[in-house]
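Subject: Structure for your review

Dear colleague,

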Amino acid sequence: QMFGGLENYGMLALPLFILLGEFMNAGGIGRRLMALALALLPQLRGGLAYVNLGANMMMASILGSTVAQITIMARLAVPEMERAGYPRDVSAAITAAGGLLAPIIPPSMLFIIYGVIAQVPIGEMFVAGILPGVLIFAGFCGLIGWQARRRDFPRTAPMTPPQRRRAVIEALPAALIPLSIIVSILGGFATPTESAVVASLLAILIGRFIYREMTLADIWPALVSAGRGAAVVLFLVVFLWT
């Protein structure tokens, strides 16, 4: 019965999206997406908190896993915010709150699990999650703005136009990953499971040949880490069927 609970094609998307997060972290893709969020924002009080939230939204649109998203963002955003003068509890709280976007914004693993169990089209559920995800993101931004004035958050360092252009240009290859997922699913070219495979291959190619931060030796540790993370989720899911 436990094996039968996992013997489903849709369930393959869960470990594959977690694996995608591991490849992105190894290839420096997540760091460049965070730099992109910083470049798109003007200089304002609490700017790094907005960057954290914006990067979380970008990661949510790629990974769909709260576990994978917070694991990556805790390594990227929390140390940066602490170095900028934010309290550790504020940095951790904003990162954890941003992780709540992963179950809502497609490709959401909860949508995949529910779609498999309830026999609901997963692609349609992905489309339905876009507007609620944007509204939650806007609500978080409003709360950060209020807390920034109340607690006197530090301002972001000014960026020159060349620095902004460089951050945007460097992040363009990384932006291909969420674009490939959205286009392949909404265009009917691939299922969520197949889009995760395509995005994982893209992450390897971008990290290896464009950013040159990922080596072949990094692939096996990423597979092991993704297997451990997927085991936690799948072990819970399997008991929904038994």
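In this predicted model, the largest nonpolar core holds 64 residues, among which Phe17, Leu20, Met24, Ile29 and Ile177 touch the most other members. Helix α4 (residues 47–63) supplies the largest share of this core, with 10 residues.

Helix α3 (residues 29–40) and helix α10 (residues 161–186) have axes that come within 8 Å and cross at roughly 130°; because angles over 145 degrees would count as roughly antiparallel, this pair is classed as oblique. The crossing of α3 past α10 is left-handed. On the α3 side the contact includes Ile29, Arg32, Leu33 and Leu36, which, with other residues of that helix, meet a set in α10 that includes Arg164, Val168, Glu170 and Ile177. Sorted by class, this contact has 12 nonpolar and 3 charged residues, and no polar ones.

The second contact joins helix α2 (residues 13–26) to α7, with the axes 10 Å apart and an angle of about 170°, which means that α2 runs roughly antiparallel to α7. Ala13, Leu14, Phe17 and Ile18 of α2 make this contact with Met109, Ile112 and Ile113 of α7, and by class it has 7 nonpolar residues, with no polar and no charged ones.

Within helix α7 (residues 109–118), the buried residues include Met109, Ile112 and Ile113, which also take part in the contact with α2, as well as Phe111, Gly115 and Val116. Gln119 follows α7 and has a positive phi, near 55°.

With best regards

Conventions
Residues are numbered from 1 along each chain as its sequence is written. This is a predicted model: local features need pLDDT of at least 70, side-chain atom pairs count only at pLDDT 80 or more; totals for chains, interfaces and linings use all residues. Side-chain values use heavy atoms; hydrogens and water are left out. A nonpolar core is a set of buried Ala, Val, Leu, Ile, Met, Phe, Trp, Tyr and Cys residues joined through side-chain atoms within 4.5 Å. Buried means under 20% relative accessible area, exposed over 50%, partly exposed in between (1.4 Å probe, protein chains only). Helices (H or I, at least four residues) and strands (E, at least two) are DSSP runs, numbered from the N terminus. Axes are lines fitted to C-alpha atoms, for helices over the stretch in contact, and angles run from 0 to 180 degrees between N-to-C directions. Angles under 35 degrees count as roughly parallel, over 145 as roughly antiparallel, 65 to 115 as roughly perpendicular and the rest as oblique. A crossing is left-handed if the near helix is turned anticlockwise from the far one by less than a right angle, and right-handed if clockwise. Contact means heavy atoms within 4.5 Å. Ala, Val, Leu, Ile, Met, Phe, Trp, Tyr, Cys and Pro count as nonpolar, Asp, Glu, Lys and Arg as charged, and the others, Gly among them, as polar.
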